[in-house]
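Here is my note on the model, as numbered points. Please read it beside the coordinates.

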Amino acid sequence: MCLLVWNCTFDNDNLCNWTNVNGGEDKLNWNLMHSTTPTDDTGPSNDHTTGNIDGAYIFMESSAPIVQGDNAMLQSPEINTTGSRGICLNFWYSMNGNSIGSLKVYIEETGTRRLIWSLSGHQRTECRNASVPEHSNQNVHIILEATVGDGYLGDIALDDIAMTRGPCILEPSNARPISPNIVG
């Protein structure tokens, strides 16, 4: 049995105590959105929770003047991950477009950031589910990073982010579990 630690649907038009990282590590922000993204042939048509324009999700815009390599980072509130069963980050993502960059998940603990999940390129038109297992002996922050690919057809969207206590299986199977790749 997995116990829910917290979840965020973005349907109250806020980031649920997540914050856009500012201060030079990223160039863009995650934006709240209802309905389709501004660019045709990218992003979801609605949010995952409600399936209509009443719901909201977050996305990273990739149209000009934004350029390849620009990124958006979102940081979670502090999370207690201690315990023998670990935690599972679960979210729905849309990586629909011919010039999708990458989506990465980092764990930040005591000033060290580890890349634990990474996916790049077009991943089908419909939203897909991701599960990212993690175990740590201290409180952590999760950082979600989207990076712009080589064109404007590269919006990346996220919805229904949840954290549960207990193990899970890495999804999708083509995501790269990166461990113990330490960043800065």
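Among contacts in the chain between residues at least 6 apart in sequence, what percentage join residues at least 24 apart? The figure is 81%, where contact means heavy atoms within 4.5 Å.

1. Ground rules. This is a predicted model, in which local features need pLDDT of at least 70 and side-chain atom pairs count only at pLDDT 80 or more, while totals for chains, interfaces and linings use all residues. Residues are numbered from 1 along each chain as its sequence is written, and side-chain values use heavy atoms, with hydrogens and water left out.

2. Overall make-up. The chain has zero helices and 13 strands. Both kinds of element are DSSP runs numbered from the N terminus: helices are H or I with at least four residues, strands are E with at least two. Of the 184 residues, 52% count as buried. Buried means under 20% relative accessible area, exposed over 50%, and partly exposed in between, with a 1.4 Å probe and protein chains only. The accessible surface comes to about 8,500 Å². Carbon and sulfur atoms own 48% of that surface. The areas come from the Shrake-Rupley method with a 1.4 Å probe; for residues, only the protein chains shown count as cover.

3. Strand E11. Look at residues 139–147. Seven of the nine residues in E11 are buried. E11 pairs with E5 (residues 71–75) in the antiparallel sense, over five bridges. Two strands pair if DSSP finds at least two bridges between them. Leu74 has Leu144 of E11 as its bridge partner. E6 (residues 79–80) also runs antiparallel to E11, joined by two bridges. E8 (residues 102–109) pairs with E11 in the antiparallel sense over seven bridges.

4. Ser102. This residue is found in E8 and stands opposite Thr147 in E11. Is Ser102 buried or exposed? Ser102 is buried, with a relative accessible area of 9%. Leaving aside neighbours within four places in sequence, its contacts include Met95, Leu119, Glu145 and Ile156.

5. Nonpolar cores. A nonpolar core is a set of buried Ala, Val, Leu, Ile, Met, Phe, Trp, Tyr and Cys residues joined through side-chain atoms within 4.5 Å. The largest has 39 residues. Those with the most contacts inside it are Trp30, Leu89, Phe91, Leu103, Val105, Trp117 and Ile142. A second, separate core of five residues includes Val21, Met73, Leu115 and Ile143. In soluble globular proteins, nonpolar side chains tend to be buried together.

6. Aromatic pairs. A search of the whole structure finds four. Rings of Phe, Tyr and Trp (its six-membered ring) pair if their centres lie within 6.5 Å; planes under 30 degrees apart count as stacked, over 60 as edge-to-face and the rest as tilted. Tyr93 and Trp117 form an edge-to-face pair, at 6.1 Å centre to centre and 70 degrees between the planes. Tyr93 lies in E7 (residues 87–94) and Trp117 in E9 (residues 112–120), so the pair ties together parts that are 24 residues apart in sequence. Both Tyr93 and Trp117 are buried. Ring pairs link Phe91, Tyr93 and Trp117 into a cluster.
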